[in-house]
Amino acid sequence: MQKAHTPLLSVIWNHDHIDLLDQRLLPEEIVYIELTTSEDVWEAIRHLKVRGAPAIGITAAYGVYLGIQRSAADSPQQLVEAVRDQVKYLSTSRPTAVNLFWALERMEKTAVSGLEKGLNTEELMQVVLQEAIQIHAEDEETNRLIGEHALSLFQDGMGVLTHCNAGGLATAKYGTALAPMYLAHEKGMHLKVFADETRPVLQGARLTAFELQQAGIDVTLICDNMAGMVMSKGWVQAVIVGTDRVAANGDVANKIGTYSVAVLAKEHGIPFYVACPLSTIDLQTPSGEDIPIEERHEEEITEGFGKRTAPQGVKVFNPAFDITPHRYVTAIITEKGIIEPPFDINLKKVFEE
Ligand code: MRU
């Protein structure tokens, strides 16, 4: 039995502000910054100081509270209006991860229900803060459950490939796709993880390789274009990734490059698993085509390594996410268990239960 690992936390609520691990500086520097306003939160989300769907949702939830903390509202009605304004504002920080909108909606509903219960402004403030704390706490428990379910699909000694970072840094703790690796490690089971470096922002190299290595888990870093070779050698028995949004038909939006990995996995007969909380499943979005895909600044590609690596003036296309059609997805693993195809039917069922 291995010792449980104490990971770096990406988001810490500290009395009246957020201590946020600035993920742009990893792995070189471990720096926590203080976020005291909702503008700080918006900026941290937009500029990837915090990233990963669940961590974005958690941070935004606290952001609503920070936004109303100094509000001039002198009635509960005005305070609820202030919450609505914050929700609207923070929802413009990034477009793809549905957890952001899910968490903000929860915050608004909590405020409205507090108003309906007749709470005064001070009490309303407190229930809003408690809801953010609750969203944060639930995420840790949810990820542990995802990890338990996912681990039931893995055997000792397996090679597992992952893309981007769906680890503790992307969530409250454990991560989604990396949760089974942490649990396997706790149970003394050996998994050999291959981490795609994940161009252009290098979440795989900077974050996944970092957090798994810190935990003492066997991780090998590869460039994205090496995944096919590693699979063809028979070193990978499963792929597991996180996601920013699952559409009602099971199409999956995740970090750019995920689609290529899924196609490669199919070619090699390797199961392709997606791990996420139910809050990432968006039944309101019929298919992947309807998921908004964020496009980011061209400098992520042309100057991503701290120096210019492309000719001045070259045309650049830089989508942050892609869609993996559901036919490539072997199963979606949530806190409620393992969901298999047909996803259009089985995803709905999970919410009905
Ligand atoms: O642009 P990022 O770093 O926020 O993208 C993150 C991902 O694509 C993750 O795989 C996804 O959010 C799931 S995190 C549990």
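**Reading pockets, cavities and a ligand site**

Guide: Gladly. The largest pocket here has a volume of about 500 Å³. Please keep in mind that this is a predicted model.

Visitor: How does one find such spaces to begin with?

Guide: Rolling a probe the size of a water molecule over the atoms shows where empty space is left. A pocket is an open set of points, while in a cavity the probe fits but cannot get out.

Visitor: Which residues lie nearest the centre of the largest pocket?

Guide: Look for Leu48, Val201, Arg296, Glu299 and Glu300, which lie nearest the centre among the 18 lining residues. Sorting that lining by class gives 5 nonpolar, 4 polar and 9 charged residues.

Visitor: What is the volume of the second largest pocket, and which residues lie nearest its centre?

Guide: The volume of the second largest pocket is about 310 Å³. Its lining has 14 residues, with Trp102, Glu105, Ser279, Ile281 and Asp282 nearest the centre. By class, this lining divides into 7 nonpolar, 2 polar and 5 charged residues.

Visitor: What takes up the space of the largest cavity?

Guide: The ligand does: the space it takes is the largest cavity. The elements giving two or more residues to the shell around the ligand are helix H2 (53-69) and strand E9 (252-255). When you read this, remember that the cavity was found on a grid over the protein atoms alone.

Visitor: Which residues come nearest to the ligand?

Guide: There are 17 residues around the ligand, and Arg51, Ala53, Arg94, Asn254 and Lys255 come nearest. The shell holds 6 nonpolar, 7 polar and 4 charged residues.

Visitor: I would like to check polar contacts too. Which distances should I look at?

Guide: The cut-off to keep in mind is a pair of N or O atoms within 3.5 Å. Start with Lys255, where a side-chain N or O atom is 2.7 Å from an oxygen atom of the ligand. For Arg94, the distance from a side-chain N or O atom to a ligand oxygen is 2.8 Å. Asp244 has a polar side-chain atom 3.0 Å from an oxygen atom of the ligand.

Visitor: How much of the ligand's accessible area does the protein cover?

Guide: The ligand has 410 Å² of accessible area on its own, and the protein covers 99% of it.

Visitor: Finally, which backbone details deserve a look?

Guide: Start with omega, the torsion about the peptide bond. Leu26 and Pro27 are joined by a cis peptide bond, with omega about 5 degrees. Pro27 is in the loop between strand E2 (17-21) and strand E3 (32-35). Another cis peptide bond runs from Arg199 to Pro200, with omega near 0 degrees. You will find Pro200 in the loop between strand E5 (192-196) and helix H7 (203-214).

Visitor: And where is His15 found, and what is its phi?

Guide: His15 is in the loop between strand E1 (11-14) and E2. Although His15 is not a glycine, its phi is positive, at about 65 degrees.

Notes: Residues are numbered from 1 along each chain as its sequence is written. This is a predicted model: local features need pLDDT of at least 70, side-chain atom pairs count only at pLDDT 80 or more; totals for chains, interfaces and linings use all residues. Side-chain values use heavy atoms; hydrogens and water are left out. A residue is near a molecule or strand if one of its heavy atoms lies within 4 Å of it. A polar contact is a pair of N or O atoms within 3.5 Å; within protein, one must be able to donate a hydrogen and the other to accept it, and residues adjacent in sequence count only if both atoms are side-chain atoms. Accessible areas come from the Shrake-Rupley method with a 1.4 Å probe; for residues, only the protein chains shown count as cover. On a 1 Å grid over the protein atoms alone, a cavity is a set of points where a 1.4 Å probe fits but cannot get out, and a pocket is an open set with protein on both sides within 12 Å along at least five of seven lines; lining residues have an atom within 4 Å of a point. A molecule sits in a cavity or pocket if more than half of its atoms lie within 2 Å of its grid points. Helices (H or I, at least four residues) and strands (E, at least two) are DSSP runs, numbered from the N terminus. Ala, Val, Leu, Ile, Met, Phe, Trp, Tyr, Cys and Pro count as nonpolar, Asp, Glu, Lys and Arg as charged, and the others, Gly among them, as polar. Grid points are joined across faces, edges and corners, and a volume is the space filled by probe spheres set on the points.
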